[in-house]
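The following exercises concern a predicted model of a protein chain. Please work through each task with the structure open before reading the solution.

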Amino acid sequence: MHIAIIGAGISGLMTALELAEHGCSVDIFDQQQAGQAASWAGGGILSPMYPWRYAPEVNQLAQYGKSLYQSWNEKLYPITGIDFQIHNTGMLIFDQEDFQTGLNYATQHNEPMQQCDLLNRIQLETVNPHISKQFDQAIYFPQLANVRNPRLLQSLIHYLKQHPCVRFFEHCIVEKLIIKNKTVHGIETEDHQQYFADQVVLTSGAWSNYWQQQVQRKIPVHPVQGQMLLFKSPENWLPTMCMNRVMYLIPRQDGHIVCGSSMSECGFSTAVDAQTQQDILSACLEMVPELAQFPIVKRWAGLRPSSPHGIPYIGAMPELNRLWANFGHFRNGLCMGAGSAKLLAQLMLDQKTFVDPHAYSPDRLACAQLAIRENLS
Ligand SMILES: Cc1cc2nc3c(=O)[nH]c(=O)nc-3n(C[C@H](O)[C@H](O)[C@H](O)COP(=O)(O)OP(=O)(O)OC[C@H]3O[C@@H](n4cnc5c(N)ncnc54)[C@H](O)[C@@H]3O)c2cc1C
């Protein structure tokens, strides 16, 4: 089976990996360099922040993230030489109003990733000696990890580029689907090159609603900007991830600490601004004041593909044959990425799925009163 995938972020690359490993041949297209959009910009926390605030469908896919990435890292590392570092730091949450909910959620779900303890100040200092004195308590999730997402993308790209069944088309805007008799036959790029395929997959992240006219459905996915900044501390200086009022610190193994994040609707802009950066900095210093001694080495912004309730669209697109979706992961596309791709590949290959696919079905996209534009020339 020959597949064309539009978008080389985590959703597209993981989908390509799953399909290529099952013997499919894959062409993957991106309008920019592969792996440079939201999936690069994200923090890589392998769980929704405050899981109890998210839909069960989001948590269901996210809970497989850590173990699936661990097995992919074991498989890809010997070939790529890139370790994408699943860093088992655990996470401290300081929002008092979430303490009881978090503890209850852990009891109800009884999953390793949700294991949760309430720590007093002495215990807190043992787990992480750098926490501000203003916090007497925290809830602690010892099993939570983060993945070094830029390296995860590098590893996937490196592996897929040497795979005999995979071709990359970078800096290549896909402009149209080739549609005839309500069946998708391939894609056409901006420079009018046509590429035919047995199946086409939309993994276009925050740009996904570009397709709504051609697919005759409303696609309620739009970009929500998130800004970040990066400290460089000594190796392993900060032992845990930290979270307070939806702001977080994510330590990497080499001492980099990713801090974020903001939420803003400003179209496709990825510009950072001084006020938002200052807000992130203040929130982070409130948790760990000693961070102020370390340099900030980078600042950036990325575009999350927002969707209603953050539940991604995964599965066959309605109305059109041979067209598939894997987009709309909003704030949790990295932790859901491995599970989402596995689910989509199982659906495309007509295999038994590891989770119930119905809640993710693109059938829930509302009809748009737009004529399907057929364009097979
Ligand atoms: C600041 C920030 C922090 C985050 N933190 C986390 C976190 O800690 N944990 C977590 O799980 N998630 C996190 N996320 C969310 C996560 O990054 C996203 O949900 C995820 O990366 C979406 O992946 P994607 O592959 O769908 O989209 P993207 O990575 O954006 O990839 C989509 C790709 O499609 C390409 N494309 C679009 N249209 C076309 C076209 N017509 N032709 C060719 N190419 C096209 C784009 O160029 C792009 O490369 C964060 C996001 C941000 C911005």
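**Exercise 1: A pocket and its lining**

Task. Determine how many residues line the second largest pocket, and which lie nearest its centre.

Solution. Begin with the volume: the space in the second largest pocket is about 230 Å³. Next, count the lining, which consists of 13 residues. Nearest the centre are Trp40, Arg148, Pro150, Leu230 and Arg252. Then assign the lining to secondary structure: helix 7 (149–161), strand 16 (256–260) and strand 17 (296–306) are the elements that supply two or more residues. Helix 7 makes the greatest contribution, with four residues. Finally, sort the lining by class, which gives five nonpolar, four polar and four charged residues.

**Exercise 2: Aromatic pairs**

Task. Classify the ring pair of Phe29 and Phe169 as stacked or edge-to-face.

Solution. The model holds 14 aromatic pairs. For Phe29 and Phe169, the ring centres are 4.7 Å apart and the planes meet at 15 degrees; planes under 30 degrees apart count as stacked, so this pair is stacked. Now locate the two partners: Phe29 belongs to strand 2 (residues 25–29) and Phe169 to strand 8 (residues 166–169), and the pair links distant parts of the chain, 140 residues apart. Both Phe29 and Phe169 are buried.

Solution. For accessibility, the cut-off for a buried residue is under 20% relative accessible area. Tyr50 has 2% and is therefore buried. Trp52, at 17%, also counts as buried. Extending the search, ring pairs join Tyr50 and Trp52 with Tyr105 and Phe141 in a cluster.

**Exercise 3: Charges over rings**

**Exercise 4: An enclosed space**

Task. State how many cavities of 30 Å³ or more are present, and which residues line the largest cavity.

Solution. The count is one cavity of 30 Å³ or more. The space in the largest cavity is about 30 Å³. Its lining is made of Leu46, Ser47, Pro48, Asn59, Ala62, Gln63, Met113 and Gln114. Sorted by class, the lining of the largest cavity has four nonpolar and four polar residues, and no charged ones.

**Exercise 5: Backbone geometry**

Task. Decide whether the peptide bond from Gly260 to Ser261 is cis or trans, and where Asn181 and Lys182 lie.

Solution. Most peptide bonds are trans, and phi is negative in most residues other than glycine. The bond from Gly260 to Ser261 has omega near -5 degrees and is cis. Ser261 is found in the loop between strand 16 and helix 9 (274–287). Turning to phi, Asn181 has a positive value near 50 degrees, and Lys182 has a positive value of about 60 degrees. Asn181 lies in the loop between strand 9 (174–180) and strand 10 (183–189), and Lys182 is in the loop between strand 9 and strand 10. With a relative accessible area of 60%, Asn181 is exposed, whereas Lys182, at 39%, counts as partly exposed.

Methods. Residues numbered from 1 in each chain as written. Predicted model: local features only at pLDDT ≥ 70, side-chain atom pairs only at ≥ 80, totals over all residues. Heavy atoms only, no water. 1 Å grid on protein atoms, 1.4 Å probe; cavity = no way out; pocket = protein on both sides within 12 Å on 5 of 7 lines; lining within 4 Å. Points joined across faces, edges and corners; volume = space filled by probe spheres on them. Nonpolar A, V, L, I, M, F, W, Y, C, P; charged D, E, K, R; others polar. Phe/Tyr/Trp six-rings, centres within 6.5 Å; stacked < 30°, edge-to-face > 60°. Buried < 20%, exposed > 50% of the residue type's maximum accessible area, 1.4 Å probe, protein only.
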